[in-house]
Amino acid sequence: MVGAGFLGGPLASRLAATRRVIATTRSGAREGDAPAGVEMRAVDVVQGSDEALRAALVGVEALVVAYAAGRQQDRRAVYVDGTRRLLEAWTPAGASLGARRVVYVSSTSALPDVDGWVDETAAAWPTSERGRVQREGEEVIREVCEARGLPWIILRLGGLYGPGRGLGRIYRSDPERALAGDGMQATNLIHRDDAIAAAHAALDAPAELSALIHVVDDDHRPRREMYARLAAAMGRPAPRWELPAAAQAGGKRVRNDRLRELLGVALRYPQHVVDPD
């Protein structure tokens, strides 16, 4: 488990119930309690030496890459250059071929900004620099894994929320101040528990499966409606918007059919969980 943060830490703990798990952070420690039953190691894909990377990956049969760039880190250095260094430093341990796999956690920001439904076959790249870096990181996974004959699964996650990171944190603005736009942009979110289930299923997928899979919930209600529900949960009036609501929601709505079809994941939270905390 490369990255033991908001997603990687709980995932490592879940996996440790049935297998040996090594989790990494840049320092080799984790804020708060270390994941139960998990061995912690230090991995810095940007500043660590090649020797240190190889040493940290000794004995690893499969990689789950779930790191996030820190506030002071260059995103391309982490997601593109760092991912390549990580894969090139890793020599899978002597497990059966089926156990050797890379699961890479990406983001729906790698998708183009379209107005309507979009699935994993979308070939167009995003225009934002943030999204293009995410897409480049995905391409590194494909390129290196296919060259080495390793199965891979890329999980494109929607906006991640859950315990300690409730949707209520999104809306903390002054209730007297109008929000920009009309609030009719569709949402693409995923609860952490469902993201964990997707990553677990991807790790245990059949050896012959390599795929790009979107991990989002079924609820794409516009931000305007979601913010109104959040405000009500906090006992506040619905926020005001600069523009009147459009007739229907716009923006991209990310499909999640492959999540069920290829990984067999039944979402625990298919609709937004409105939590004011």
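A residue is called buried when its relative accessible area is under 20%, exposed when the value is over 50%, and partly exposed in between, as found with a 1.4 Å probe on protein chains only. The structure is a predicted model, in which local features need pLDDT of at least 70 and side-chain atom pairs count only at pLDDT 80 or more, while totals for chains, interfaces and linings use all residues. Residues are numbered from 1 along each chain as its sequence is written, and side-chain values use heavy atoms, with hydrogens and water left out.

The protein chain contains 7 helices and 10 strands, where helices (H or I, at least four residues) and strands (E, at least two) are DSSP runs numbered from the N terminus. Its radius of gyration is 19 Å, close to the 19 Å that the globule rule gives for 277 residues, so the chain is as compact as a globular protein of that length; the radius is taken over C-alpha atoms, and the rule is 2.2 Å times the number of residues to the power 0.38. The C-alpha trace spans about 60 × 40 × 35 Å along its principal axes. Of the 277 residues, 50% are buried. Among contacts (heavy atoms within 4.5 Å) with a separation of 6 or more, 76% are made by residues 24 or more positions apart.

Helix α1, which covers residues 8-15, has Gly8, Gly9, Leu11, Ala12 and Leu15 as buried residues. These residues cover an arc of only 165° around the axis, which puts them on the same side of α1; the arc is that of the directions from the helix axis to the C-beta atoms. An α-helix has 3.6 residues a turn, so residues three or four places apart point the same way. The elements against which the buried residues of α1 pack are β1 (22-25), β3 (63-65) and α5 (192-203).

Strand β6 (residues 152-157) is largely enclosed by the rest of the structure, because 6 of its 6 residues are buried. In a regular strand the side chains alternate between the two faces of the sheet. In β6, Trp152, Ile154 and Arg156 point one way, whereas Ile153, Leu155 and Leu157 point the other way, and all are buried. Strand β4 (residues 102-107) runs parallel to β6 and is joined to it by 6 bridges, two strands being paired if DSSP finds at least two bridges between them. Within this pairing, Ser107 has Leu157 of β6 as its bridge partner. Strand β9 (residues 211-215) also pairs with β6 in the parallel sense, over 5 bridges, and here Leu212 of β9 stands opposite Ile154.

Asn256 is placed in the loop between β10 (252-254) and α7 (257-261), and it counts as buried at 8% relative accessibility. Its side chain makes a polar contact of 2.8 Å with the side chain of Asp218, a polar contact being a pair of N or O atoms within 3.5 Å; within protein, one atom must be able to donate a hydrogen and the other to accept it, and residues adjacent in sequence count only if both atoms are side-chain atoms. A further polar contact, of 3.0 Å, joins the side chains of Asn256 and Arg260. When neighbours within four places in sequence are left aside, Asn256 is in contact with His214, Val216, Asp217, Asp218 and Leu267.

The structure holds 16 salt bridges, each defined as a side-chain nitrogen of Lys or Arg within 4 Å of a carboxyl oxygen of Asp or Glu. One of them is formed by the side chains of Arg84 and Glu143, with an N to O distance of 3.1 Å. This pair links distant parts of the chain, since Arg84 lies in helix α3 (residues 75-89) and Glu143 in helix α4 (residues 129-148), 59 residues apart. Both residues count as partly exposed, Arg84 at 27% relative accessibility and Glu143 at 47%. Arg221, by contrast, is buried, with a relative accessible area of 18%, and its side chain meets that of Asp219 in a salt bridge of 2.9 Å, N to O. Asp219 is likewise buried, at 4% relative accessibility. Arg221 also forms a salt bridge with Glu225, the closest N and O atoms being 3.0 Å apart, and Glu225 is partly exposed, with a relative accessible area of 38%. Elsewhere, a network of salt bridges links Arg20, Glu39 and Arg41.
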